[in-house]
Amino acid sequence: MQKKVKALVLLSGGLDSILAVKLLLEQGAEVEAVNFRTNFCGPSKALLASKMLGVKLREVNIRQDFLPVLKNPKHGYGTALNPCIDCHALMLKKAGEIMRAEGFDLVATGEVFGQRPMSQHKQALDIVEKDASLKGYLLRPLSAKLLEPTIAEQEGLIDRNKLLAISGRSRKEQMALAKEYGIKEYPSPAGGCALTQKDFAGRLKELMANKPDFSPEDIDLVPIGRHKWGNGAQIILGRNQEENNILENAAKTGDILIFPDGFVGPTALVRGEEAEIARAQELILDFSPKAKDLKAEEIKFKIIKKA
Ligand code: SF4
């Protein structure tokens with residue numbers, strides 16, 4: 001009996017990666033899905049998709065490994081702060097390590113030849129394959145017939161005739177295939193990754209410029225509150241109760257939390273310099289709706305330094 005091919009598929013939860021899994025399952029492959037966790041895309045779509053497909057999903061945290069890619073991408077950024085080629089290469093490299101360590105025959109993705117101008121043209125597909133050391137082991141089932149056969153195809157573990165030759169930006173073929181497979185619900189292709197969003201990218205650039213040794217936890221706070229930088233400190237002020245609570249929970253050793261005491265106003269998180277407490281208090285007053293009505297003796301703050 002022929003050996004069952006064991007495929008590790010990168011599953012974002014979008015339609016293309018769902019179809020890549022389907023095409024492999026149809027061939028009788030043993031499929032496991034992997035989703036890489038960064039600061040910028042959550043695993044919720046992949047979780048839903050893996051349930052719908054009935055395949056095991058493993059989540060791998062690459063938040064720390066992503067930092068050098070974000071700071072200095074070898075192949076540059078896309079339209080915002082999205083280093084797509086380097087990001088793909090990193091994820092595929094990690095998938096390749098799992099493949100080799102755990103006896104998978106190949107890594108597969110839902111990439112479509114020519115679909116994304118920056119990251120899925122022929123040269124980019126070749127670059128990520130090479131950077132990830134996956135030459136011959138990276139199968140793109142949706143476009144496989146337009147690409148060189150992988151080792152699994154050459155060895156007959158995968159039937160190339162049952163793979164597809166989709167290319168370009170139109171999604172008609174994928175949608176027709178989804179209908180054929182009875183897949184009714186899948187997320188729209190746009191908007192999954194925060195790095196492609198201009199507003200988020202602008203705020204992240206500010207962090208990168210002011211704190212070059214930033215951590216994944218610093219990135220978690222990028223979309224939260226108003227950020228003020230200066231004198232070696234970062235001050236973040238909540239814009240509503242939910243953000244105030246997030247800041248309170250995010251404070252770590254050495255951070256200072258400042259709360260208005262007896263009047264309504266934002267919580268401030270001061271990271272970096274105790275000397276900036278006075279400035280943070282001024283900012284709290286700037287953003288307090290009734291600060292101008294307060295008497296001097298009514299302006300009080302509660303200050304907590306996280307141990
Ligand atoms: S859109 Fe975001 S997650 Fe997708 S490849 Fe680009 S950087 Fe990576």
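1. Helix H4 passes helix H5 in a right-handed crossing, the near helix being turned clockwise from the far one by less than a right angle. H4 covers residues 84–102 and H5 residues 122–131; they pack at an angle of about 40°, with axes 8 Å apart. That makes H4 oblique to H5, since angles under 35 degrees count as roughly parallel, over 145 as roughly antiparallel, 65 to 115 as roughly perpendicular and the rest as oblique. Axes are lines fitted to C-alpha atoms over the stretch in contact, and angles run from 0 to 180 degrees between N-to-C directions.

2. This is a predicted model, in which local features need pLDDT of at least 70 and side-chain atom pairs pLDDT 80 or more, while totals for chains, interfaces and linings use all residues. Residues are numbered from 1 along each chain as its sequence is written.

3. An open sheet has five strands in the order E3-E2-E1-E4-E5, with parallel pairing. Its edge strands, E3 (56–61) and E5 (138–139), each pair on one side only. Strands pair if DSSP finds at least two bridges between them; helices (H or I, at least four residues) and strands (E, at least two) are DSSP runs numbered from the N terminus.

4. Strand E1 (residues 6–10) runs parallel to strand E4 (residues 106–108), joined by three bridges. Alanine 7 has leucine 106 in E4 as its bridge partner.

5. The residues around the ligand (C-beta atom, placed from the backbone, within 6 Å) include Phe40, Asn82, His88 and Thr196.

6. Domain 1 spans 6–181 and domain 2 spans 224–305, with bounds from an automatic or database domain assignment. Their centres, taken over C-alpha atoms, are 44 Å apart.
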